[in-house]
Amino acid sequence: MVRDIIKKSLDRNMLAEEEIASLFKVPLFSEESAMIISASRKKSESASNGLAEVHAQLGLNVAPCPKNCAFCSFAVRNKVFTEKIEISVDEAVQKARQFEADGANAGANLLWAEAGSNPRDTEKETEGKRGMTVRDCIRVLEEAEWKVLQGPSKFYGA
Ligand code: SF4
């Protein structure tokens, strides 16, 4: 059953809701679970032409948000961020150039690379370190035996 669902997905067919639900019921430490992980890697490699990309995230500003959604750390009511902070253009350019020098392929956020790059990224506000550096992302991908793209993103590059 699981084998059939995996084959269906690898053949680029949409899975039905009940098929997806059945995959969630597969025991973690089982042969079928390993098959799902292997298939997931195949799908990722197929979608990215076998190359991993690191897209760095650069925060330009942060401020308490008056919309006040209860779950959100930006909401005024949650008092995580109490003042407006904005980095300068020069600082933004310097950080973006550093991302590029470190090997980032683009400036969006796929594998989360933002440590130290966001105005809200302070030890006081975030209980230590948020996100990963570009170099950390590359190291993690390479440890997982991904080839990491050098140069501009194939998705967003020129
Ligand atoms: S989710 Fe957060 S940032 Fe977005 S509107 Fe709600 S409070 Fe504001």
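Q: At what angle do helix H1 and H3 pack, and how far apart are their axes?
A: Helix H1 (residues 2-10) packs on H3 at about 0 degrees, and the two axes are 10 Å apart. That makes H1 roughly parallel to H3, where roughly parallel is the word for angles under 35 degrees. The axes are lines fitted to C-alpha atoms, for helices over the stretch in contact, and angles run from 0 to 180 degrees between N-to-C directions.

Q: Which residues make that contact?
A: From H1 there are Val2, Arg3, Ile6, Ser9 and Leu10, and from H3 there are Glu32, Met35, Ile36, Ala39, Lys42 and Lys43. Contact here means C-beta atoms, placed from the backbone, within 7 Å.

Q: And how does that contact of H1 with H3 split by class?
A: It has 6 nonpolar, 1 polar and 4 charged residues. Ala, Val, Leu, Ile, Met, Phe, Trp, Tyr, Cys and Pro count as nonpolar, Asp, Glu, Lys and Arg as charged, and the others, Gly among them, as polar.

Q: Before we go on, what kind of model is this, and how are residues numbered?
A: It is a predicted model, in which local features need pLDDT of at least 70, side-chain atom pairs count only at pLDDT 80 or more, and totals for chains, interfaces and linings use all residues. Residues are numbered from 1 along each chain as its sequence is written.

Q: Good to know. How many helices and strands does the chain have?
A: The chain has 6 helices and 4 strands, and from the N terminus on its elements run α-α-α-β-β-β-α-α-α-β. Helices (H or I, at least four residues) and strands (E, at least two) are DSSP runs, numbered from the N terminus.

Q: Back to helix H3: what span should its 17 residues have?
A: At 1.5 Å a residue, H3 (residues 31-47) should span 24 Å, and its end C-alpha atoms are 25 Å apart, which agrees. The expected span is 1.5 Å times one less than the number of residues.

Q: What follows H3?
A: Asn49 follows H3, with a positive phi near 55 degrees, although Asn49 is not a glycine. Asn49 sits in the loop between H3 and strand S1 (51-52).

Q: Is Asn49 buried or exposed?
A: Asn49 is exposed, because 10 other C-beta atoms lie within 10 Å. The cut-offs are 20 or more such atoms for buried, 12 or fewer for exposed, and partly exposed in between, with C-beta atoms placed from the backbone.

Q: What about Glu145, what is its phi?
A: Glu145 has a positive phi of about 65 degrees and is not a glycine either. Glu145 lies in the loop between helix H6 (134-143) and strand S4 (147-148), and it counts as exposed with 8 C-beta neighbours inside 10 Å.

Q: Changing topic: where is Ala92, and what does it touch?
A: Ala92 is in helix H4 (residues 89-102). Not counting residues up to four places away in sequence, Ala92 touches Leu58, Leu60 and Ile87.

Q: Last one: which residues are around the ligand?
A: They are Cys65, Lys67, Asn68, Cys69, Cys72, Phe74 and Ala75, each with its C-beta atom, placed from the backbone, within 6 Å of the ligand. By class, this shell has 5 nonpolar, 1 polar and 1 charged residues.

Definitions and conventions: Angles under 35 degrees count as roughly parallel, over 145 as roughly antiparallel, 65 to 115 as roughly perpendicular and the rest as oblique. Two residues are in contact if their C-beta atoms, placed from the backbone, lie within 7 Å.
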